[in-house]
Amino acid sequence: MAQDSNAQVTQTNATQTNATQTNATQASDTVVSTAREGAVAVLTLQSGPVNALGSALRQGILAAVEAAEADPAITAIVLIGGGRMFSAGADITEFGKPQTGIGLPDLLNRIEAASKPVVAAIHGNALGGGLETALACHYRVAVPSAKVGLPEVKLGILPGAGGTQRLPRVVGPRKALEVIVGGSPIGAKAAAAMGLIDELAPEDGLRAHAVAFAERVVAEGRPLLKIRDRDDKIAEGRENPGLFAAFRDENARKTRGFEAPEACIACIEAACRLPFDEGLAFERAEFQTLVSGTQSAAQRYVFFAERQTAKIPDVPDDTPARPIARVGVIGAGTMGGGISMNFLNAGIPVTIVETKREALDRGLKTIRTNYENTAKKGRLKPEDVETRMGLLTDTLEIEALAECDLIIEAVFEDMGIKKEIFSKLDTLAKPGAILASNTSYLDIDAIAAMTSRPADVIGMHFFSPANVMRLLEVVRGERTAKDVIATAMQIGRKIGKISVLVGVCHGFVGNRMLAQRQREANRLILEGVTPWDVDRVIYEFGLPMGPFTMSDLAGLDIGWSRETNRSESVRDLLCEQDRRGQKTGAGFYDYDAKRKATPSTVTEEIIATVAERQGVTRRDATDQEILERCLYPMVNEGAKILEEGKAIRASDIDIVWINGYGWPVYRGGPMFWADTIGLPKVLERLRAYQAEYGDDFAPSALLERLAVEGKGFKDL
């Protein structure tokens, strides 16, 4: 934010104990600037793009506050963020390292204890430690576009600088639970409505408004409102302790397996029953337990891993992207419709092509119904439904794609069909158009070979439902141009996806690893383990569903036909009895009218029949064996993928599995999880299973090398 050119300016260095008066544009190592406007000291945070509250900024704030407090000419203090925001919170790169200088909890206690009123002026974001800082101030003003929140739970921790103790005292325990356990930011208007923000300021006049507000506070002799002293809002938590149990029940499904949400709830309970300082001590102890645990380490790892996916060693960040003004989608089925919605949501016009009018109309109806259902839930305005549908052009003529900048084929997973389509696209698409396939398994290079422009061909593997799932596997062909890769990665981000670049191999990263799990799950049920026990073990590990529940949901007849399959597998026999999954009311499980699953004796009989035909000796298996046999081969396959260069980083594999398959984020992905177990142990178990079951368990050379060297995938 621009400084008043007539204002006296003070720069506060991280190492300073007293502010020195200099020009605000001086030394680049300063982190807080102080400008005097009348009798108000305006302290501006200037520590990088998000004002992360690292050691230097904490020291700078302390020095600036103490200098302003010691100056008899200053009657009030305004704390404001420079650049894009107030503050995005703590510097998480400092977690686990020895603390230098004053810690954030002590700094905030010092701000709250100031003898002069301190006003937080918020624009952009005040998140995590940023909001905790604002809560330690005596008053808060914000522009309407500002967002505030305490998202620490998403990093496996909790607000550890008084957030769980101060927020309930301002908004009450129920609202505090929603904000802290939910972790999502809220707008300034909503924050003002719940009493978190004292006044809203004009968008272009925050600084002046905050100064005027501070002057009014002084002129009117208002008290220094310390949140720690407030008791009225937390009385609800003492009088109705059942609200915490009710909140736990309401959110049990969402918080399943996570440690941080329960710790957050416990801290808010403590705020309602303990004196403030004791509540702070309770919060600090819970924070230290979480921050030193595996779950928080995993969630912080994922935070950085998601950002790493955009970095491609041989495709620099400044690689020019091709402009994408219109997208073509071939196929209006489940995938084609969902893919189209992503672009419509981003305001990008789409031309969608089908071969038959009935299929096209059915696809259009599904898209509209999805939007209308979203509008009914209040997440979309009715006029937005029409705006998005207005961006969609439907046609039966593939030639209508001639002017599209990106064309995505989303038809049945059949190489012959895909080759035929790309051969047509080669003749009709304009020069420079990107030709993408949504294939889940097939060879992008073989598809690209059907064109005279293989450099323009790329895989864009969306996950179902495509309008919901965050993952986009971008598949790089042998001859795919770098600007095509850059464009696919960028457009993925624009439509709200996490784009991960992978190489060409059967199933790419996600499905290639999934095949290992499915093989072992199917082997286990022939040996005597029930499908529901396999599913239970995988579910209890933290995945949203087990392999057989997933198969029933997707449909057992995907890729199956009565004519070509030979009644050799459990799936074949289930399909022959029209047990094709949830859609037919029976698959591995039996389903009632509400699709509630129950174990099936029919399935058990079919499994026993196949096992007998194949001469499989039946026995029981422990939960640990089920887990190891389903998941260790996935880790091993991930190592092979890294060996072959089909993924850039182990963390990219983890992001694929977290965002495409529901791997629990608190376990950090399969490769991170293997590191937490220890690769020597994984290797030892793989060798034991190899001796018993054969070379499906043969350890990869990379896994063997890392285990012998005492390293992990994190060291690659």
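**Notes on the predicted model**

1. Leaving aside neighbours within four places in sequence, F713 is in contact (heavy atoms within 4.5 Å) with V635, A639, L642, A650, M671, A674, D675, L679, L702, L703 and L706. F713 is also listed, with L401, L425, V534, L631 and W663, among the residues that have the most contacts inside the largest nonpolar core, a set of 90 residues. A nonpolar core is here a set of buried Ala, Val, Leu, Ile, Met, Phe, Trp, Tyr and Cys residues joined through side-chain atoms within 4.5 Å, where buried means under 20% relative accessible area, exposed over 50% and partly exposed in between, with a 1.4 Å probe and protein chains only. Helix α25 (residues 623-643) gives the most to this core, with 10 residues. A second, separate core holds 88 residues, including I122, L206, C272 and L290.

2. On the basis of the values: this is a predicted model, in which local features need pLDDT of at least 70 and side-chain atom pairs count only at pLDDT 80 or more, while totals for chains, interfaces and linings use all residues. Residues are numbered from 1 along each chain as its sequence is written, and side-chain values use heavy atoms, with hydrogens and water left out.

3. On the overall form, the protein has 29 helices and 21 strands, these being DSSP runs numbered from the N terminus (helices H or I, at least four residues; strands E, at least two). The radius of gyration is 29 Å, close to the 27 Å that the globule rule gives for 716 residues, so the protein is as compact as a globular protein of that length; the radius is taken over C-alpha atoms, and the rule is 2.2 Å times the number of residues to the power 0.38. Along the principal axes, the C-alpha atoms fill a box of roughly 90 × 60 × 55 Å.

4. Buried residues make up 54% of the 716 residues, and of the contacts with a separation of 6 or more, 71% are between residues 24 or more positions apart. The protein exposes about 29700 Å², of which carbon and sulfur atoms supply 52%; the areas come from the Shrake-Rupley method with a 1.4 Å probe, and for residues only the protein chains shown count as cover.

5. Which elements surround helix α4? Its buried residues pack against α2 (104-112), α3 (129-136), α5 (173-182), α11 (260-273) and α12 (276-291). Nine of the nine residues of α4 (residues 163-171) are buried, so this helix is largely enclosed by the rest of the structure; among them are Q165, R166 and R169. Just after α4, G172 takes a positive phi of about 90°.

6. In the helix α5, P173, A176, L177, V179, I180 and V181 are buried. The buried residues of α5 pack against α4, β10 (186-187), α8 (235-239), α9 (242-250), α10 (252-255) and α11. G183 follows α5 and has a positive phi, near 80°.

7. V682 belongs to helix α28 (residues 679-693) and is buried, with a relative accessible area of 0%. Not counting residues up to four places away in sequence, V682 touches Y632, A674, I677 and L703.

8. Several backbone features in loops deserve a look. N51, in the loop between β4 (40-45) and α1 (55-70), has a positive phi of about 50° although it is not a glycine, and N51 is buried at 0% relative accessible area. R595, in the loop between β20 and β21 (597-599), likewise is not a glycine and has a positive phi, of about 65°; at 46% relative accessibility, R595 counts as partly exposed. A cis peptide bond, with omega about -5°, joins S464 and P465, and P465 lies in the loop between β17 (457-462) and β18 (471-476).

9. Finally, is G585 buried or partly exposed? At 26% relative accessibility, G585 counts as partly exposed, and its place is the loop between α23 (570-576) and β20 (589-591). Beyond its neighbours within four places in sequence, G585 is in contact with D590 and Y591.
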